[in-house]
Amino acid sequence: MSIEWKDVKRVLVIRLRSIGDTVLATPSLIALRRHLPEAQIDILLEDWVAPLLDGFDQIDNVITVGKSSADRLKTAISIRRNRYDVVLNLHGGTTSTFFTRASGARHRVGYKNYQYSGAYNHLLSSPSDFWKREKTHSAEQQLALLGFVGIPVDDRPKGCLTVSENALKSLETKLHLRQLQILDSKFQIALIHPAAAFETKRWPIQQFARTAEFLHLKGMTPIALVSKNETTLLADLASASRVPIITFDDLTLPEITVLASRAKVFVGNDSGIAHIAAAVDTPTVVIFGSSNRNHWRPWTDTPNEIVFEAFECQPCAGYECKVFGDPLCILQIDHKKVFSAVDSVLS
(Lines give C-alpha, C1' and ligand atoms only; values in the text may rest on other atoms or scores of the structure.)
Protein backbone atom coordinates (compact mmCIF):
# COMPACT_ATOMS: atom_id res chain seq x y z
CA MET A 1 0.00 0.00 0.00
CA SER A 2 1.68 3.20 -1.16
CA ILE A 3 1.06 6.65 0.33
CA GLU A 4 -0.62 9.19 -1.93
CA TRP A 5 1.13 12.23 -0.51
CA LYS A 6 -1.04 14.69 -2.45
CA ASP A 7 -3.97 13.53 -0.31
CA VAL A 8 -2.14 13.72 3.03
CA LYS A 9 -3.36 16.54 5.28
CA ARG A 10 -1.93 15.65 8.71
CA VAL A 11 1.35 13.95 9.66
CA LEU A 12 2.70 13.01 13.08
CA VAL A 13 6.38 12.37 13.69
CA ILE A 14 7.28 10.48 16.88
CA ARG A 15 10.76 11.02 18.31
CA LEU A 16 10.98 10.19 22.00
CA ARG A 17 14.08 10.18 24.22
CA SER A 18 17.02 12.56 24.33
CA ILE A 19 18.40 15.94 23.29
CA GLY A 20 20.60 14.54 20.54
CA ASP A 21 17.77 12.38 19.20
CA THR A 22 15.54 15.46 18.96
CA VAL A 23 18.16 17.61 17.22
CA LEU A 24 18.89 14.83 14.74
CA ALA A 25 15.19 14.54 13.90
CA THR A 26 15.21 18.06 12.47
CA PRO A 27 16.62 16.97 9.08
CA SER A 28 13.59 14.71 8.70
CA LEU A 29 11.24 17.53 9.67
CA ILE A 30 12.90 19.79 7.09
CA ALA A 31 12.49 17.14 4.38
CA LEU A 32 8.85 16.60 5.33
CA ARG A 33 7.97 20.28 5.25
CA ARG A 34 9.73 20.71 1.92
CA HIS A 35 7.60 17.93 0.42
CA LEU A 36 4.34 18.88 2.19
CA PRO A 37 4.30 22.69 2.42
CA GLU A 38 0.55 22.85 3.10
CA ALA A 39 0.12 19.86 5.41
CA GLN A 40 -0.11 19.92 9.20
CA ILE A 41 3.12 18.44 10.55
CA ASP A 42 3.31 17.73 14.29
CA ILE A 43 5.96 16.04 16.40
CA LEU A 44 5.60 14.09 19.64
CA LEU A 45 8.42 14.66 22.14
CA GLU A 46 9.01 13.97 25.80
CA ASP A 47 7.99 17.02 27.82
CA TRP A 48 11.45 17.79 29.25
CA VAL A 49 13.10 18.03 25.82
CA ALA A 50 10.23 19.67 23.91
CA PRO A 51 11.39 23.29 24.53
CA LEU A 52 14.36 22.53 22.27
CA LEU A 53 12.07 23.04 19.26
CA ASP A 54 10.60 26.35 20.44
CA GLY A 55 10.21 28.54 17.37
CA PHE A 56 11.20 25.80 14.91
CA ASP A 57 9.12 26.77 11.90
CA GLN A 58 9.22 23.48 9.98
CA ILE A 59 6.46 22.07 12.19
CA ASP A 60 3.01 23.21 13.27
CA ASN A 61 2.73 21.72 16.75
CA VAL A 62 4.91 20.07 19.38
CA ILE A 63 2.91 17.49 21.32
CA THR A 64 4.42 16.53 24.65
CA VAL A 65 4.15 13.50 26.88
CA GLY A 66 5.18 13.00 30.49
CA LYS A 67 6.38 9.84 32.18
CA SER A 68 3.26 8.78 34.07
CA SER A 69 0.69 6.35 32.71
CA ALA A 70 -1.97 9.02 33.08
CA ASP A 71 0.08 11.44 30.98
CA ARG A 72 0.57 8.83 28.28
CA LEU A 73 -3.12 7.97 28.14
CA LYS A 74 -4.07 11.64 27.90
CA THR A 75 -1.56 12.16 25.08
CA ALA A 76 -2.77 9.05 23.23
CA ILE A 77 -6.36 10.29 23.34
CA SER A 78 -5.27 13.71 22.03
CA ILE A 79 -3.33 12.10 19.17
CA ARG A 80 -6.32 9.93 18.26
CA ARG A 81 -8.56 12.99 18.04
CA ASN A 82 -6.17 14.69 15.61
CA ARG A 83 -6.93 12.04 12.97
CA TYR A 84 -3.49 11.85 11.40
CA ASP A 85 -3.16 10.39 7.92
CA VAL A 86 0.46 9.30 8.43
CA VAL A 87 2.54 8.53 11.51
CA LEU A 88 6.32 8.23 11.15
CA ASN A 89 7.91 6.64 14.21
CA LEU A 90 11.58 7.64 14.29
CA HIS A 91 12.13 5.95 17.66
CA GLY A 92 10.82 2.40 17.78
CA GLY A 93 10.50 1.66 21.49
CA THR A 94 7.46 0.19 23.18
CA THR A 95 6.02 3.57 24.20
CA SER A 96 6.37 5.12 20.76
CA THR A 97 4.77 2.06 19.19
CA PHE A 98 1.85 2.44 21.59
CA PHE A 99 1.31 6.00 20.37
CA THR A 100 1.69 4.93 16.75
CA ARG A 101 -1.05 2.32 17.10
CA ALA A 102 -3.25 4.58 19.23
CA SER A 103 -3.19 7.23 16.52
CA GLY A 104 -5.45 5.20 14.26
CA ALA A 105 -3.55 6.61 11.28
CA ARG A 106 -4.06 4.83 7.99
CA HIS A 107 -0.31 4.80 7.30
CA ARG A 108 2.09 3.84 10.10
CA VAL A 109 5.78 3.82 9.19
CA GLY A 110 8.64 2.15 11.04
CA TYR A 111 11.47 -0.40 10.88
CA LYS A 112 11.07 -4.17 10.80
CA ASN A 113 13.18 -4.53 13.95
CA TYR A 114 10.82 -2.35 16.01
CA GLN A 115 9.14 -3.98 18.96
CA TYR A 116 5.58 -5.01 18.10
CA SER A 117 6.19 -4.38 14.41
CA GLY A 118 2.68 -5.64 13.67
CA ALA A 119 1.47 -2.16 14.66
CA TYR A 120 2.93 -0.82 11.39
CA ASN A 121 1.87 -1.26 7.79
CA HIS A 122 4.98 0.30 6.18
CA LEU A 123 8.15 -1.42 7.38
CA LEU A 124 11.68 -0.74 6.14
CA SER A 125 14.19 -3.55 6.54
CA SER A 126 17.14 -1.35 7.59
CA PRO A 127 18.74 2.04 6.92
CA SER A 128 21.69 0.21 5.36
CA ASP A 129 19.37 -1.31 2.78
CA PHE A 130 17.99 2.12 1.94
CA TRP A 131 21.33 3.95 1.69
CA LYS A 132 23.17 0.93 0.20
CA ARG A 133 26.03 1.04 2.71
CA GLU A 134 26.71 -0.52 6.09
CA LYS A 135 27.49 2.49 8.27
CA THR A 136 24.82 5.15 8.68
CA HIS A 137 24.37 8.20 10.87
CA SER A 138 21.44 8.61 13.26
CA ALA A 139 20.05 11.40 11.07
CA GLU A 140 20.32 9.13 8.03
CA GLN A 141 18.49 6.34 9.84
CA GLN A 142 15.58 8.68 10.42
CA LEU A 143 15.69 10.14 6.92
CA ALA A 144 15.66 6.63 5.46
CA LEU A 145 12.15 6.03 6.80
CA LEU A 146 10.93 9.09 4.93
CA GLY A 147 12.74 8.12 1.77
CA PHE A 148 11.27 4.62 2.00
CA VAL A 149 7.74 6.02 1.70
CA GLY A 150 8.50 8.48 -1.08
CA ILE A 151 9.79 11.68 0.56
CA PRO A 152 12.86 13.06 -1.27
CA VAL A 153 15.84 12.84 1.10
CA ASP A 154 18.82 12.25 -1.20
CA ASP A 155 20.37 15.61 -0.27
CA ARG A 156 20.33 14.54 3.42
CA PRO A 157 19.43 17.88 5.09
CA LYS A 158 21.54 18.88 8.08
CA GLY A 159 20.34 19.62 11.61
CA CYS A 160 18.87 23.00 12.43
CA LEU A 161 17.58 24.76 15.54
CA THR A 162 15.93 28.15 16.00
CA VAL A 163 17.27 30.82 18.34
CA SER A 164 14.10 32.19 19.90
CA GLU A 165 13.60 35.77 21.07
CA ASN A 166 12.11 34.59 24.36
CA ALA A 167 15.19 32.48 25.09
CA LEU A 168 17.48 35.37 24.23
CA LYS A 169 15.63 37.65 26.64
CA SER A 170 15.63 35.11 29.45
CA LEU A 171 19.34 34.42 28.98
CA GLU A 172 20.09 38.15 28.99
CA THR A 173 18.20 38.44 32.29
CA LYS A 174 20.29 35.68 33.88
CA LEU A 175 23.49 37.26 32.60
CA HIS A 176 22.46 40.68 33.92
CA LEU A 177 21.89 39.25 37.41
CA ARG A 178 25.44 37.90 37.34
CA GLN A 179 26.81 41.10 35.80
CA LEU A 180 28.04 39.22 32.75
CA GLN A 181 28.16 40.79 29.30
CA ILE A 182 29.36 37.76 27.38
CA LEU A 183 26.86 38.23 24.55
CA ASP A 184 28.60 41.47 23.65
CA SER A 185 30.33 41.17 20.28
CA LYS A 186 33.73 41.88 21.84
CA PHE A 187 33.63 38.52 23.64
CA GLN A 188 34.72 35.42 21.75
CA ILE A 189 32.97 32.58 23.54
CA ALA A 190 34.51 29.11 23.71
CA LEU A 191 31.71 26.86 24.92
CA ILE A 192 32.79 23.79 26.90
CA HIS A 193 30.61 20.85 27.89
CA PRO A 194 32.52 18.45 30.19
CA ALA A 195 29.58 16.18 31.04
CA ALA A 196 28.30 12.98 29.44
CA ALA A 197 25.85 10.20 30.21
CA PHE A 198 28.51 7.62 31.09
CA GLU A 199 32.05 7.60 32.45
CA THR A 200 33.16 5.91 29.23
CA LYS A 201 32.17 9.07 27.35
CA ARG A 202 33.58 11.59 29.83
CA TRP A 203 37.00 13.08 29.07
CA PRO A 204 38.89 13.83 32.32
CA ILE A 205 38.25 17.22 33.91
CA GLN A 206 41.98 17.92 34.07
CA GLN A 207 42.12 17.65 30.29
CA PHE A 208 39.23 20.08 29.93
CA ALA A 209 41.11 22.45 32.27
CA ARG A 210 44.14 22.36 29.98
CA THR A 211 41.80 22.99 27.03
CA ALA A 212 40.23 25.99 28.77
CA GLU A 213 43.73 27.41 29.29
CA PHE A 214 44.51 26.87 25.61
CA LEU A 215 41.31 28.61 24.53
CA HIS A 216 42.03 31.49 26.91
CA LEU A 217 45.50 31.93 25.37
CA LYS A 218 43.83 32.17 21.96
CA GLY A 219 41.85 35.18 23.19
CA MET A 220 38.58 33.41 23.92
CA THR A 221 36.41 33.39 27.04
CA PRO A 222 35.93 29.80 28.28
CA ILE A 223 32.35 29.11 29.35
CA ALA A 224 31.39 25.69 30.72
CA LEU A 225 27.87 24.39 31.23
CA VAL A 226 26.26 21.31 32.70
CA SER A 227 22.88 20.40 34.19
CA LYS A 228 22.01 20.84 37.87
CA ASN A 229 22.86 17.26 38.81
CA GLU A 230 26.34 17.63 37.31
CA THR A 231 27.39 20.80 39.16
CA THR A 232 30.37 19.13 40.86
CA LEU A 233 32.02 18.85 37.45
CA LEU A 234 32.05 22.65 37.20
CA ALA A 235 33.64 23.03 40.63
CA ASP A 236 36.30 20.48 39.72
CA LEU A 237 36.96 22.22 36.41
CA ALA A 238 37.31 25.66 37.97
CA SER A 239 39.66 24.23 40.60
CA ALA A 240 41.85 22.48 38.04
CA SER A 241 42.13 25.42 35.64
CA ARG A 242 44.72 28.19 35.88
CA VAL A 243 42.45 30.61 34.02
CA PRO A 244 38.97 31.89 34.95
CA ILE A 245 36.03 29.92 33.57
CA ILE A 246 32.46 31.19 33.55
CA THR A 247 30.13 28.35 34.54
CA PHE A 248 26.40 27.64 34.25
CA ASP A 249 24.21 24.86 35.62
CA ASP A 250 20.85 26.59 35.31
CA LEU A 251 20.30 27.20 31.61
CA THR A 252 17.24 25.93 29.79
CA LEU A 253 17.63 24.11 26.48
CA PRO A 254 16.54 27.19 24.46
CA GLU A 255 19.02 29.32 26.44
CA ILE A 256 21.79 26.82 25.72
CA THR A 257 20.85 27.09 22.05
CA VAL A 258 21.26 30.88 22.21
CA LEU A 259 24.63 30.63 23.95
CA ALA A 260 25.87 27.97 21.53
CA SER A 261 24.86 30.12 18.57
CA ARG A 262 27.05 32.95 19.90
CA ALA A 263 30.11 30.75 20.49
CA LYS A 264 33.16 30.88 18.28
CA VAL A 265 33.81 27.21 18.99
CA PHE A 266 32.31 24.32 20.96
CA VAL A 267 34.48 21.70 22.69
CA GLY A 268 32.88 18.83 24.56
CA ASN A 269 32.10 15.17 24.98
CA ASP A 270 29.76 13.29 22.69
CA SER A 271 26.42 14.54 24.02
CA GLY A 272 23.20 16.26 23.12
CA ILE A 273 24.79 19.65 23.77
CA ALA A 274 27.34 18.94 21.03
CA HIS A 275 24.45 18.36 18.61
CA ILE A 276 22.84 21.65 19.66
CA ALA A 277 26.09 23.48 18.85
CA ALA A 278 26.34 21.80 15.46
CA ALA A 279 22.70 22.61 14.66
CA VAL A 280 23.28 26.35 15.15
CA ASP A 281 26.33 26.28 12.85
CA THR A 282 28.99 26.64 15.53
CA PRO A 283 32.35 25.01 14.73
CA THR A 284 32.51 21.91 16.93
CA VAL A 285 35.15 19.62 18.39
CA VAL A 286 33.62 16.48 19.88
CA ILE A 287 35.59 14.00 21.98
CA PHE A 288 34.54 10.38 21.59
CA GLY A 289 35.11 7.43 23.90
CA SER A 290 32.87 4.37 23.86
CA SER A 291 30.12 5.61 21.57
CA ASN A 292 29.60 5.04 17.86
CA ARG A 293 31.42 7.80 15.96
CA ASN A 294 29.76 6.98 12.65
CA HIS A 295 26.32 7.17 14.22
CA TRP A 296 26.72 10.21 16.49
CA ARG A 297 29.31 12.53 14.93
CA PRO A 298 28.19 16.14 14.26
CA TRP A 299 25.62 16.30 11.45
CA THR A 300 26.52 19.65 9.94
CA ASP A 301 28.28 21.36 7.06
CA THR A 302 29.96 23.76 9.50
CA PRO A 303 33.62 22.90 10.27
CA ASN A 304 33.80 20.09 12.81
CA GLU A 305 36.28 17.53 14.08
CA ILE A 306 35.96 14.40 16.18
CA VAL A 307 38.81 13.36 18.47
CA PHE A 308 39.28 9.76 19.57
CA GLU A 309 41.68 6.89 20.21
CA ALA A 310 40.78 3.80 18.22
CA PHE A 311 40.18 0.55 20.11
CA GLU A 312 38.88 -2.74 18.68
CA CYS A 313 36.16 -2.86 21.34
CA GLN A 314 34.55 0.37 20.12
CA PRO A 315 31.73 1.10 20.01
CA CYS A 316 30.21 -0.41 23.15
CA ALA A 317 27.10 0.14 25.25
CA GLY A 318 29.11 2.42 27.50
CA TYR A 319 27.67 1.53 30.88
CA GLU A 320 31.09 0.29 31.97
CA CYS A 321 34.38 -0.78 30.41
CA LYS A 322 34.31 -4.58 30.36
CA VAL A 323 37.67 -4.91 28.62
CA PHE A 324 40.06 -2.73 30.61
CA GLY A 325 38.09 -1.78 33.71
CA ASP A 326 39.01 1.86 33.26
CA PRO A 327 37.69 3.34 29.98
CA LEU A 328 41.01 3.78 28.22
CA CYS A 329 39.28 4.87 25.01
CA ILE A 330 38.42 8.22 26.60
CA LEU A 331 41.16 8.44 29.23
CA GLN A 332 44.03 8.12 26.76
CA ILE A 333 43.01 11.01 24.52
CA ASP A 334 45.70 13.66 24.83
CA HIS A 335 44.68 17.29 25.09
CA LYS A 336 47.11 18.18 22.30
CA LYS A 337 44.88 16.29 19.85
CA VAL A 338 41.98 18.44 20.96
CA PHE A 339 44.07 21.61 20.60
CA SER A 340 44.91 20.59 17.04
CA ALA A 341 41.24 19.94 16.27
CA VAL A 342 40.29 23.38 17.63
CA ASP A 343 42.89 25.00 15.39
CA SER A 344 41.56 23.02 12.44
CA VAL A 345 37.89 24.05 12.80
CA LEU A 346 38.84 27.68 13.41
CA SER A 347 41.05 27.87 10.37
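Before we look inside this protein, a word on classes: Ala, Val, Leu, Ile, Met, Phe, Trp, Tyr, Cys and Pro count as nonpolar, Asp, Glu, Lys and Arg as charged, and the others, Gly among them, as polar. What you see is a predicted model, in which local features need pLDDT of at least 70 and side-chain atom pairs count only at pLDDT 80 or more, while totals for chains, interfaces and linings use all residues. Residues are numbered from 1 along each chain as its sequence is written, and side-chain values use heavy atoms, with hydrogens and water left out.

A cavity is a set of points, on a 1 Å grid over the protein atoms alone, where a 1.4 Å probe fits but cannot get out, and its lining residues have an atom within 4 Å of a point. The volume is the space filled by probe spheres set on the points, which are joined across faces, edges and corners. The largest cavity has a volume of about 30 Å³, and V23, L24, G159, H275, A278, A279 and W299 line it. By class, this lining divides into five nonpolar, two polar and no charged residues.

C329 is in no disulfide either, as the nearest cysteine sulfur, that of C321, is 6.3 Å away. C321, at 17% relative accessibility, counts as buried (under 20% relative accessible area, with a 1.4 Å probe and protein chains only), and C329 is buried too, at 9%.

Methods: On a 1 Å grid over the protein atoms alone, a cavity is a set of points where a 1.4 Å probe fits but cannot get out, and a pocket is an open set with protein on both sides within 12 Å along at least five of seven lines; lining residues have an atom within 4 Å of a point. Buried means under 20% relative accessible area, exposed over 50%, partly exposed in between (1.4 Å probe, protein chains only). A disulfide is a pair of cysteine sulfur atoms within 2.5 Å.
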